[in-house]
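Please look at the structure below before reading on.

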Amino acid sequence: MTACIFCEIVGGKAACSAVYEDETCLVFMDIHPVNAGHLLVVPKVHATDLSDLPPETGGKMFQVAQKMTAALTNSGIRCEGVDLLMAHKSAAGQEVFHAHLHVIPRYQGDGFQFDASYDYKPSRDDLDQTAAKIKRSL
Ligand SMILES: [Zn+2]
């Protein structure tokens, strides 16, 4: 198995700027931040992505992200809103294959955006058919 940088950080073998830790998660500063205060919520146990992440761990990560949102809001760091983002697989932009939840402070005019063409304009029938495919897979 190739070395996982987030496992190394959790194990104290690589540096991070930690903000919070509990029995499930470690939170530290993203080294390629969108804005100042950009945090990563990382489970202590390795999970490659969402499909590999125990649901209870995912739930804890979300709870920690809520706590981090409150802390950012009260920190004095410019934070008028927050985006929570978890990329699942490389097609979605995942670059480190240890599941992690981004907590991204946002403010008016910060320039961060999801860049999409929005060319796909489904009809209600399209939406219903797509919903049916997903429901059959639950
Ligand atoms: Zn890992």
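## Terms and model

Two strands pair if DSSP finds at least two bridges between them. Strands (E, at least two residues) and helices (H or I, at least four) are DSSP runs, numbered from the N terminus.

The model is predicted: local features need pLDDT of at least 70, side-chain atom pairs count only at pLDDT 80 or more, and totals for chains, interfaces and linings use all residues. Residue numbers start from 1 along each chain as its sequence is written.

## The sheet

Strands of a sheet pair through backbone hydrogen bonds, either parallel or antiparallel. Here, five strands make an open sheet with antiparallel pairing, in the order β1-β2-β3-β5-β4. β1 and β4 (81-85) are the edge strands, each pairing on one side only. On average, neighbouring strands of this sheet are turned by 20 degrees against each other, direction ignored. Axes for such angles are lines fitted to C-alpha atoms, for helices over the stretch in contact, and angles run from 0 to 180 degrees between N-to-C directions.

## Strand pairs

β1 (residues 18-21) and β2 pair in the antiparallel sense over three bridges. These two strands form a hairpin, with three residues between them. Tyr20 has Val27 in β2 as its bridge partner.

β2 is also joined to β3 (residues 39-43), by five bridges, and the two run antiparallel. In this pair, Met29 stands opposite Leu39 of β3. β3 in turn pairs with β5 over three bridges, again in the antiparallel sense, and Leu40 has His102 in β5 as its bridge partner. The helix α2 packs on the sheet and touches β1, β2, β3, β4 and β5; its direction makes about 155 degrees with that of β3.

## Burial and core

A residue is buried if 20 or more other C-beta atoms lie within 10 Å of its own, exposed if 12 or fewer, and partly exposed in between, with C-beta atoms placed from the backbone. Four of the five residues of β2 (residues 25-29) are buried, so this strand is largely enclosed by the rest of the structure.

A nonpolar core is a set of buried Ala, Val, Leu, Ile, Met, Phe, Trp, Tyr and Cys residues joined through C-beta atoms within 7 Å. The largest one has 20 residues, and Val27, Val41, Met68 and Val103 have the most contacts inside it. Two or more residues come from each of α1 (5-10), β2, β3, α2 (55-74) and β5 (101-106). α2 gives the most, with five residues.

What does Val41 touch? Not counting residues up to four places away in sequence, Val41 touches Cys25, Val27, Met61, Val64, Ala65, Met68, His100, Leu101 and Val103. Contact here means that the C-beta atoms of two residues, placed from the backbone, lie within 7 Å.
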